[in-house]
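This note is intended for a colleague meeting the structure for the first time. The points below move from the chain as a whole to its cores, sheets and aromatic rings.

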Amino acid sequence: MIRTHRPAAGVCALLAALASGIAFPGHAVADETEQAAPKVELVLDVSGSMRTADIDGGTRMAAAKQAFNEVLDATPEGVQLGIRTLGANYRGNDRKEGCKDTAQLYPVGTLDRTEAKTAVATLSPTGWTPIGPALLKAADDLQGGAGTRRIVLISDGEDTCQPLDPCEVAREIAAKGVGLTIDTLGLVPDAKTRDQLSCIADATGGTYTSVQHKEELTDRVGQLVDRAADPVVTPVATEGTDQCSSAPALKSGLYTDREEFGRQRWYKVDVEPGKELRTSVSVAADRAVNPDYGVLLRAVTVHGREIVRGEASGTGRTDVISTGLRYPKAESDDEGTTPETVCLQVTNSFSATAGVKTSPGLPVELTVDVVDGPSKASDVASFGLGRGWWLLGALVLTGFLAGLVWGWVSRWRVAVWRTN
């Protein structure tokens, strides 16, 4: 059985443009452009515990090798794929040396299936489990280019090289660039391993999957490699302001920004009559924060009247918190065909733990979409039923009439019975 854990909105942790300090004009529009070749690196745990024979009667290493061979055969053309190992070479007991044991088995690039399979066939379970160092090296392996980047980590145990916490390493990686995601797969792990692998995935907007069978492992790794080839939209950096009047005007697209702890950012969008504004926001905790926090997204008029809001809260169990809203603009009103300027306010209630830097602000990812609205703007407010109110009314009326007829027939039958 595969159990996949997905974060509330997993994308926000990967906000690269912010980390580099580059700012673009607020009116820039995010758009889908020609994609560079996606890069994927499979990071395989080859530590001694992979000798354990508890996956369909074979060892965990055998299951991983079979999965790799089948995935290599099915890797889409155009995907640049590499393989990195951890714990594959050092057989000694020196912890310091064991925690350096990570190597690139096959370089990231155009795939030679035969060569990659030959490299995988040489692997034998050996040493320690330096997950943190392996992730840092894998991130370096994927540097360069503008395409999506994905690390797929397969492990059967906890990192043995603390205090280099793999979860903290994943947070550092998340701040380095757009498109770098870590997905983790646990081979029949215990609770501690599951928690660690989940934390690594959550930090970068990836997924965690617990695997107990060979077919599950093959299918899941294949899905993740295929996903890297899917087209993506590159976010555009913008800079919100402290009031709507000076806020950047945004069009449909994906945007990134930074927001200080406990502060607010303003943006604005023009919505034409007959259109509907759909927007969502994600705020990522890319450093240690206190539990109990929230994010508020408000759509207000230029005069300050609130139109609609979305809000969400968290208790420290996830690194990303998201919310969204919809606002349908009626086709005809007193303003005729003049677009309405809608002000978007993003507010967070995060607070940093003692000793944690508060600058730069928290990563924010904002999606804006202005689409054709429903036939009637009021449909959206009808408790989600829209035109279903007609059907609901018809059912209620039909039930009422059926009840009257049934009552009349029942009384008539009773009357006839008494007469006889």
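1. Basis of the note. The model is predicted: local features need pLDDT of at least 70, side-chain atom pairs count only at pLDDT 80 or more, and totals for chains, interfaces and linings use all residues. Residues are numbered from 1 along each chain as its sequence is written, and side-chain values use heavy atoms, with hydrogens and water left out.

2. The chain overall. The chain has nine helices and 16 strands (DSSP runs numbered from the N terminus, helices being H or I of at least four residues and strands E of at least two). Of its 420 residues, 46% are buried; buried means under 20% relative accessible area, exposed over 50%, and partly exposed in between, with a 1.4 Å probe and protein chains only. Among contacts (heavy atoms within 4.5 Å) with a separation of 6 or more, 78% join residues 24 or more positions apart.

3. The largest nonpolar core. A nonpolar core is a set of buried Ala, Val, Leu, Ile, Met, Phe, Trp, Tyr and Cys residues joined through side-chain atoms within 4.5 Å. The largest one holds 32 residues, of which Leu42, Leu44, Ile154, Leu185, Leu217, Val221 and Val225 touch the most other members. At least two residues each come from strands E2 (39-45), E3 (80-86), E5 (149-155) and E6 (180-187), and from helices H2 (60-74), H4 (113-121) and H8 (214-228). The largest share, seven residues, is that of H2.

4. Leaving aside neighbours within four places in sequence, Leu44 is in contact with residues including Met50, Met61, Ala64, Phe68, Leu123 and Ile154. Apart from the core described above lies another, of 26 residues, with Leu250, Val283, Leu297 and Leu344 among them.

5. Leu153. This residue belongs to strand E5. Is Leu153 buried or exposed? Leu153 is buried, with a relative accessible area of 0%. Not counting residues up to four places away in sequence, its contacts include Val43, Leu86, Ile131, Leu135, Leu197 and Ile200.

6. The four-stranded sheet. Strands in the order E10-E15-E12-E13 form an open sheet with antiparallel pairing (two strands pair if DSSP finds at least two bridges between them). E10 (264-271) and E13 (306-314) stand at the edges with a single partner strand each, so one side of each is left without a neighbour in the sheet. Eight bridges pair E10 with E15 (residues 340-348), and Asp270 has Thr341 in E15 as its bridge partner.

7. The five-stranded sheet. A further open sheet has the order E8-E9-E16-E11-E14, with mixed pairing. Its edge strands, E8 (236-237) and E14 (320-328), each pair on one side only. E9 (residues 253-259) and E16 (residues 362-372) run antiparallel and are joined by seven bridges; Gly253 stands opposite Val368 in E16.

8. The aromatic pair. Rings of Phe, Tyr and Trp (its six-membered ring) pair if their centres lie within 6.5 Å; planes under 30 degrees apart count as stacked, over 60 as edge-to-face and the rest as tilted. The count by this rule is one pair. Tyr293 and Phe350 are stacked, at 4.4 Å centre to centre and 15 degrees between the planes. Tyr293 is in strand E12 (residues 293-300) and Phe350 in the loop between E15 and E16, 57 residues apart. Both residues, Tyr293 and Phe350, are buried.
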